[in-house]
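Hi,

Here is the model I said I would pass on.

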Amino acid sequence: MANKRAAVLGAGSWGTALAKVLADNGYDTRLWGRNHELIRGIEERRQNLRYLPGITLPANLKGVCELEHALEDVELVSIVVPSHALRQLALELADKLPLSVPIVNAMKGIEQDTLQLPSQILHECLPVALHPQLTFLSGPSFAKEVAQGFPTAVLMAGSDLAYTHAAQHAFASSRLRVYSSDDVIGVELGGALKNVVAIAAGIADGMDFGHNSRAALITRGLAEIGRLAHKLGAHPLTVSGLSGMGDLVLTCTGDLSRNRQVGIELGRGRRLTDILAQMTMVAEGVRTAQSAYALSQREGVEMPIVEGVYRVLYEGSEPRLELAELMARTPRPERDH
């Protein structure tokens, strides 16, 4: 019997890691990307030297540049492009995606112009018939560690139980535990907003403020995520789960966190343009800070950490001034009413 076939659209570090997971699980996997040189390197060297060096890719993982070829006769599709590229790709996919297979979005972010989450973008751009097939993967997972086979737990969220379970089982392995959820909005908000809080935690680390400051930022950052998630209809327990607290802790403390690294350099006094110029991969929190701030203003939700990160990134505010603002806020109860 022939192996099942899967397509992973997006050949960055996370897309490559997820393609390896599917290939290791027995899927003949096509990893699609627009960069011909990158894809040729994957085929010739069995590595993604730009985004995931040092990880040998299995023989049943093939790099491709033609979207139609990537999607031919597949039984699962995963979308793993940066948030700012999702709408364009979704429009290209509208008449190409197969019916009756799970479509797994694994990118995290909030679109800048529309303030839409990935699920809202995909619902807007894809035919209604495909909507039940959409599922959303999130949780505390550095691409490198997943590719290395380190034990990891993530979350698969969707509105249709059958497709959610199918996607859940496709990615699950002895090293990757996949839980399921029906709270798409909550899962997406946690995955997007944690990147902004991670920049704040990195700034504190870059200023050598110690563990107390980091713990405070993580905890109060989680409270901010919870306030906005509640306003937008998410389940409160989702925020305390893998896609909320779990992803937040990882991204705020892990050395592999690109968003934390951006914050560290800002805390040391470097300019954002110089920091980003030296990065080969996207730090989603930089874009998301602008979207999250606008979303909090639109919804009337108080998010002082997000607001402070926004001012540092986009208004040139000094990190020390923002810290002073946070510490000088009027004392209040810990729990919101």
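Below is what came out of it, going from the overall fold to the pockets and then the cores.

First, the ground rules: this is a predicted model, so local features need pLDDT of at least 70 and side-chain atom pairs count only at pLDDT 80 or more, while totals for chains, interfaces and linings use all residues. Residues are numbered from 1 along each chain as its sequence is written, and side-chain values use heavy atoms, with hydrogens and water left out.

The chain has 16 helices and eight strands (DSSP runs, H or I of at least four residues and E of at least two, numbered from the N terminus). Its radius of gyration is 20 Å, close to the 20 Å that the globule rule gives for 337 residues, so the chain is as compact as a globular protein of that length (C-alpha atoms; the rule is 2.2 Å times the number of residues to the power 0.38). Of the 337 residues, 56% count as buried, meaning under 20% relative accessible area with a 1.4 Å probe, protein chains only.

Now the pockets. A pocket here is an open set of points on a 1 Å grid over the protein atoms alone, where a 1.4 Å probe fits, with protein on both sides within 12 Å along at least five of seven lines; lining residues have an atom within 4 Å of a point. Volume is the space filled by probe spheres set on the points, which are joined across faces, edges and corners.

The largest pocket comes to about 1,200 Å³. It has 44 lining residues, and Gly12, Ser13, Trp14, Arg258 and Met281 are the closest to its centre. Helices 1, 4, 6, 8, 11 and 12 each give two or more residues to that lining.

The second largest pocket holds about 610 Å³. Leu217, Ile305, Leu323, Leu326 and Met327 are the closest to its centre among 27 lining residues. Helix 9 (210–231) gives the most to this lining, six residues.

Finally, the cores (buried Ala, Val, Leu, Ile, Met, Phe, Trp, Tyr and Cys joined through side-chain atoms within 4.5 Å). In the largest, of 43 residues, Leu193 and Leu266 touch the most other members. Helix 8 brings the largest share of this core, 11 residues. A separate core of 36 residues includes Ile39, Tyr51, Ala106 and Val154. Leu266 touches Ile199, Ile203 and Leu272, among others (heavy atoms within 4.5 Å).

Cheers

Note on methods: Buried < 20%, exposed > 50% of the residue type's maximum accessible area, 1.4 Å probe, protein only. Lists of a residue's contacts leave out its neighbours within four places in sequence.
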